[in-house]
Amino acid sequence: MIVGIASGVTETLLAAAATAGADECCGLLIGRPGRIMAAVPARNVAADPARSFEIDPATLLRVHREARGSGQQVVGHYHSHPDGSAQPSQRDAARAVADGQVWVIIAGGTITAWQRAAAAETGFTPLVLQVTA
Ligand SMILES: [Zn+2]
């Protein structure tokens, strides 16, 4: 599956990962199915932010509400891997559900996208990110 991502969003994500440094950054991705149009940063409230992420629930609620009001939707979320691994981690796999949400991972200056495979399968399926204007 191909997912479009606005070029400004890729810059935002790379900058967020760089700013977070040794901690994982995280946030939500807004747009339409198959198209990421905006990224909204969130506080990582995980107990161990260097090795996992948990999007601030207040931000989650607010962004879902705002997206509905603007005719868009939350199509997924992003987080960074400070260790440079571009693959979903075992922690990621343990919490992912096959809900169609796009998982974007920023690692080592690159951005990859994934989707939890359907329930009958295990693990993540890689998505093709296509950068658009
Ligand atoms: Zn991860």
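Which strands make up the closed barrel, and in what order do they run? I looked this up in a predicted model, where local features need pLDDT of at least 70, side-chain atom pairs count only at pLDDT 80 or more, and totals for chains, interfaces and linings use all residues. Residues are numbered from 1 along each chain as its sequence is written.

**Barrel.** I read a closed barrel of 7 strands in the order β1-β3-β2-β4-β5-β6-β7, with mixed pairing. Helices (H or I, at least four residues) and strands (E, at least two) are DSSP runs numbered from the N terminus, and two strands pair if DSSP finds at least two bridges between them. From one strand to the next the twist averages 40°; axes are lines fitted to C-alpha atoms, for helices over the stretch in contact, and angles run from 0 to 180 degrees between N-to-C directions. I then checked β2 and β4, which pair in the antiparallel sense over 6 bridges. G31 has Q73 in β4 as its bridge partner.

**Helix α2.** I find α2 packed on the sheet, touching β2, β3 and β4, with its direction at about 145° to that of β4. A contact here means C-beta atoms, placed from the backbone, within 7 Å. G71 follows α2 and has a positive phi, near 75°.

**Helix α1.** I list V9, L13, A17 and A20 as its buried residues; buried means 20 or more other C-beta atoms within 10 Å, exposed 12 or fewer, partly exposed in between, with C-beta atoms placed from the backbone. Down the axis of α1 these buried residues fall within an arc of 70°, so they line one face of the helix; the arc is that of the directions from the helix axis to the C-beta atoms. They pack against β1, β3, β4, β5 and β6. The face turned away from them carries the exposed residues S7, E11, A18 and T19.

**Q72.** I placed Q72 in the loop between α2 (57–69) and β4 (73–80). Q72 is partly exposed, because 15 other C-beta atoms lie within 10 Å.

Notes: Contact = placed C-beta atoms within 7 Å.
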